[in-house]
Amino acid sequence: MREEVVQYIGIAADEQERVCEFRYPLVEWEMAEADCLAYCRARGFDWGGLYDLFRRVSCWCCPLQPLSELRILRKHFPELWEKLRYMDAHTWRQFRADYSVEQLEQRFALEEERAVQGLPLKGRAFYAALKNRLGENAGEKGGSS
């Protein structure tokens, strides 16, 4: 006896470009990501407040997430940040095309220092200071030259 298997994928209606050959009930029900989140919250799911800080909670170690979310991870979840630093230090590949996790640590620390001093966090002076900071630590994995 041959059984038919139907695979359901939880892609929301506002992500239809990801739809291919399987069943997508959220697309069929026309539920966007915001609708799904509201539905879950109305039933008592709050994920410990993670969605108050992050756009997507399952992407904490994704190199494609914006720097703003990596800053949040570092500030609010230092144990996950340290895990990310560990993973990056124990692989042959740099975390992102533009920064290793260690370089991000140095960048975020520089941003904090400059914010306390009232200095800009963008512009020529910031990037010169960042290049200098990364150059000083070039011996570490992923350091700039």
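1. Let's start with a cysteine. Cys 40 is found in helix 2 (residues 33-42). Helices here are DSSP runs of H or I with at least four residues, strands are runs of E with at least two, and both are numbered from the N terminus. Keep in mind as you read that this is a predicted model, in which local features need pLDDT of at least 70, side-chain atom pairs count only at pLDDT 80 or more, and totals for chains, interfaces and linings use all residues. Residues are numbered from 1 along each chain as its sequence is written, and side-chain values use heavy atoms, with hydrogens and water left out.

2. How exposed is Cys 40, and what does it touch? Its relative accessible area is 23%, so Cys 40 is partly exposed. The scale is this: buried means under 20% relative accessible area, exposed means over 50%, and partly exposed lies in between (1.4 Å probe, protein chains only). Not counting residues up to four places away in sequence, Cys 40 touches Phe 45 and Trp 47, where contact means heavy atoms within 4.5 Å.

3. Next, the disulfides. A disulfide is a covalent bond between the sulfur atoms of two cysteines. As a cut-off, a pair of cysteine sulfur atoms has to be within 2.5 Å. The structure holds zero disulfides. The sulfur of Cys 36 has its closest cysteine sulfur in Cys 40, 6.9 Å away, which is too far for a bond. Cys 36 is buried, at a relative accessible area of 17%.

4. Most residues other than glycine have a negative phi. Trp 47, although not a glycine, has a positive phi of about 55 degrees. You will find Trp 47 in the loop between helix 2 and helix 3 (50-53), partly exposed with a relative accessible area of 33%. Glu 30 also has a positive phi, near 55 degrees. Glu 30 sits in the loop between helix 1 (25-28) and helix 2 and counts as exposed, at 66% relative accessibility.

5. An axis is a line fitted to C-alpha atoms, for helices over the stretch in contact, and angles run from 0 to 180 degrees between N-to-C directions. On the helix 4 side the contact has Leu 70, Leu 73, Arg 74, Lys 75 and His 76, which meet Pro 78, Leu 80, Trp 81 and Leu 84 in helix 5. These residues divide into six nonpolar, one polar and two charged. Here Ala, Val, Leu, Ile, Met, Phe, Trp, Tyr, Cys and Pro count as nonpolar, Asp, Glu, Lys and Arg as charged, and the others, Gly among them, as polar.

6. Helix 5 (residues 78-89) also meets helix 6: their axes come within 8 Å and cross at roughly 135 degrees. The two are therefore oblique to each other. Trp 81, Leu 84, Arg 85 and Asp 88 of helix 5 make this contact with Val 101, Glu 102, Leu 104, Glu 105 and Phe 108 of helix 6. By class, there are five nonpolar, no polar and four charged residues.

7. Helix 6 (residues 101-117) packs with helix 7 (residues 124-136) as well, at an angle of about 135 degrees and with axes 10 Å apart. Residues in the contact include Gln 103, Leu 110 and Glu 111 of helix 6, and Phe 126, Tyr 127 and Leu 134 of helix 7. The classes are eight nonpolar, two polar and five charged residues.

8. Finally, two glutamates to find in your viewer. Are they buried or exposed? Glu 111, found in helix 6, counts as buried at 8% relative accessibility. Leaving aside neighbours within four places in sequence, Glu 111 is in contact with Arg 71, Leu 121 and Phe 126. Glu 15 is found in the segment before helix 1 and is buried, with a relative accessible area of 9%.

How values were computed: Parallel < 35°, antiparallel > 145°, perpendicular 65-115°, else oblique.
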